[in-house]
Amino acid sequence: MQRRSRAFAALTIAMFLVGQGRPVFAQSDAQSNDCISIFYRTKDAACLNRLIASLDKLPPGVENGTFIGFFAALFDSSPELRQKLLDGVPSDRAASTYLAALRKAGLVDEAQRFAASRKLEDATPPGAVPLKTVVPVSVPLDNDLLLGAYMATGDLSHIDRILENLRTSRDGMAADAIRIGLIMGKFGGAVAPGRPNIMIVAACRKYGCPRNQPSMDMMRSLTIASAVWALQSIAKNDVSVKKELNRFFQNDPHLAAIFTREQSAFANYLTLVGLWSVKKDGSLDAVLTDYERLGAADALLEPDKLLKSLEDKK
């Protein structure tokens with residue numbers, strides 16, 4: 001019982017942290033989400049107004065890293081627009097987001113002046129990492145910051161810094177993170193409908209969650225997973241990001257092979273999950289469970305072979 005409760009606690013912690021790395025503006029309204037994804041191409045003022053209005057809909061006390069990254073990049077690249085937005089801030093919620101963005105942009109003097117004018121506490125954390133030097137490693141929120149910056153500017157260097165975390169990871173971690181990211185992208189969480197919620201628990205056991213606190217390795221795997229989720233989602237509608245992902249894997253054949261292997265295993269997994277929903281066979285469950293526990297991708301039987309095996313048992 002104690003082991004089970006520890007696993008559940010670790011799962012709860014890990015899923016909360018993964019939630020910080022969800023795709024762009026998952027917490028904002030759909031209309032804002034649609035326009036921000038093309039803002040760097042359109043520079044649409046109406047879109048910007050909708051984004052600003054949507055700031056008041058964010059949960060109180062929760063920082064949206066993508067918004068902060070978006071406005072940080074916008075403030076840094078356009079002083080005139082920055083001044084216009086700071087002069088016309090519509091609400092306290094927007095003001096707190098602007099202040100966080102000014103700090104993240106490294107605009108220390110502007111942040112202090114703005115905080116004073118709005119009677120906000122200007123407690124810039126000492127040693128805070130400015131946006132231009134953020135390279136995600138073990139903080140999913142860093143992915144969001146760079147995704148927001150890309151949405152504001154179209155600068156693919158922000159995407160490259162997200163991908164650097166995957167490029168420099170160990171093979172096993174890369175494979176596990178890609179698998180978790182693919183599952184999250186399909187189902188909105190690291191579990192398929194009707195299946196046990198064990199993938200994050202398996203990752204916790206593999207990478208460590210001492211005293212129910214994710215280790216640095218655990219956090220890095222989740223950060224990479226959230227990046228895979230978000231970038232795959234964005235690439236569906238953004239040609240530039242799709243081309244950048246293709247270029248990234250073309251330049252790293254070894255990592256491309258890992259990604260292709262995981263994609264193939266994931267496609268087989270989806271087929272087998274569909275079979276499982278109809279036929280709760282023990283052999284099928286064992287194969288799915290091994291995949292969900294981060295077993296080797298090559299060990300996942302192809303659906304045709306598994307079906308033949310099931311037929312042979314009759």
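What share of the contacts between residues at least 6 apart in sequence joins residues at least 24 apart? In this protein the share is 68%, with contact meaning heavy atoms within 4.5 Å.

This is a predicted model, so local features need pLDDT of at least 70 and side-chain atom pairs pLDDT 80 or more, while totals for chains, interfaces and linings take in all residues. Numbering runs from 1 along each chain as its sequence is written, and side-chain values use heavy atoms, without hydrogens or water.

**View 1. The overall fold has 17 helices and zero strands.** Helices are DSSP runs of H or I, at least four residues, and strands are E runs of at least two, numbered from the N terminus. Of the 314 residues, 50% are buried, i.e. under 20% relative accessible area with a 1.4 Å probe, protein chains only.

**View 2. Here's the largest nonpolar core, 97 residues in all.** Such a core is a set of buried Ala, Val, Leu, Ile, Met, Phe, Trp, Tyr and Cys residues joined through side-chain atoms within 4.5 Å. Phe70, Phe71 and Tyr269 are among the residues with the most contacts inside it.

**View 3. Phe75 is another of the core residues with the most contacts.** Skipping neighbours within four places in sequence, Phe75 touches Arg82, Leu85, Leu86, Tyr98, Ala101, Leu102 and Leu107.

**View 4. Helix α13 (216-235) also gives the most to the lining of the largest pocket, five residues.** Helices α11 (171-187), α14 (239-250) and α15 (253-278) each supply at least two.
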